[in-house]
Amino acid sequence: MEPRISLITLGVMNLALAIRFYEGLGFPRKNTTAQGVAFFDLNGVVLSLFPREDLAKDAQVHDSQPGFSGISLAHNVRKKAEVAVVLAKAESLGAKILKPAQDTFWGGHAGYFQDLDGHLWEIAWNPFFPIDEDGRIALRD
């Protein structure tokens, strides 16, 4: 298997509401003719929104209640001050701020929000992960 994540699918309770939320964050929606699913281009990774019940059925698992899944998604920003700006934008769209922007133990600055379906997003500025002109993190050895 090649080391790559191609697509991240979030199970959502209300597809139309989730689409408005992520469009409101500025995520560019693509392939808008697809029915019952939404796709967003995230610089080489696709974020997919799919009805939660349908996702569970497709994976052949029981649809449990939303809650902490042990997974968070992360969005890194270029400047420390952007963390608070992105968190405020998410909150204005209905997200719940779980951890306000603050300095971290590892030398960065970060906070968390929970989207409309309970998915965790970390918004972080990491001085050790420079972001290139295409918006990708350049990991160092």
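These legends walk through several views of one predicted protein model.

**View 1. The whole fold, from end to end.**
Let's start with the parts list: the protein has three helices and eight strands. Reading from the N terminus, their order is β-α-β-β-β-α-β-α-β-β-β. The radius of gyration is 16 Å, close to the 14 Å that the globule rule gives for 141 residues, so the protein is as compact as a globular protein of that length. Along the principal axes, the C-alpha atoms fill a box of roughly 40 × 35 × 25 Å.

How much of the protein is buried? Buried residues make up 30% of the 141 residues. Now think about who touches whom. Among contacts with a separation of 6 or more, 48% are between residues 24 or more positions apart.

**View 2. The largest nonpolar core.**
This core has 22 residues. Those with the most contacts inside it are Tyr22, Phe40, Leu47, Leu49, Phe113, Trp121 and Ile123. Several elements each supply at least two core residues, namely β1 (7-12), α1 (15-24), β3 (38-41), β4 (46-51), α3 (82-92) and β8 (120-125). Which element gives the most to this core? That is α1, with five residues.

**View 3. Leu49 and the residues around it.**
Zoom in on Leu49, one of the core residues with the most contacts. Leaving out residues up to four places away in sequence, Leu49 touches Leu10, Val12, Leu15, Ala18, Ile19, Tyr22, Val37, Ala38 and Phe40.

**View 4. Ser48 in strand β4.**
Ser48 has its place in strand β4. Is Ser48 buried or exposed? With a relative accessible area of 3%, Ser48 falls under the 20% cut-off, so this residue counts as buried. Beyond residues up to four places away in sequence, Ser48 touches Leu7, Ile8, Thr9, Leu10, Val37, Ala38 and Phe39.

Look for Arg136 in the segment after β8. Arg136 has a relative accessible area of 39% and is partly exposed. Setting aside neighbours within four places in sequence, the contacts of Arg136 are Asn43, Gly44, Pro130 and Ile131.

How values were computed. Residues numbered from 1 in each chain as written. Predicted model: local features only at pLDDT ≥ 70, side-chain atom pairs only at ≥ 80, totals over all residues. Heavy atoms only, no water. Helix = DSSP H or I, 4+ residues; strand = E, 2+ residues; numbered from the N terminus. Rg over C-alpha atoms; globule rule 2.2 N^0.38 Å. Buried < 20%, exposed > 50% of the residue type's maximum accessible area, 1.4 Å probe, protein only. Contact = heavy atoms within 4.5 Å. Core = buried A, V, L, I, M, F, W, Y, C linked by side-chain atoms within 4.5 Å.
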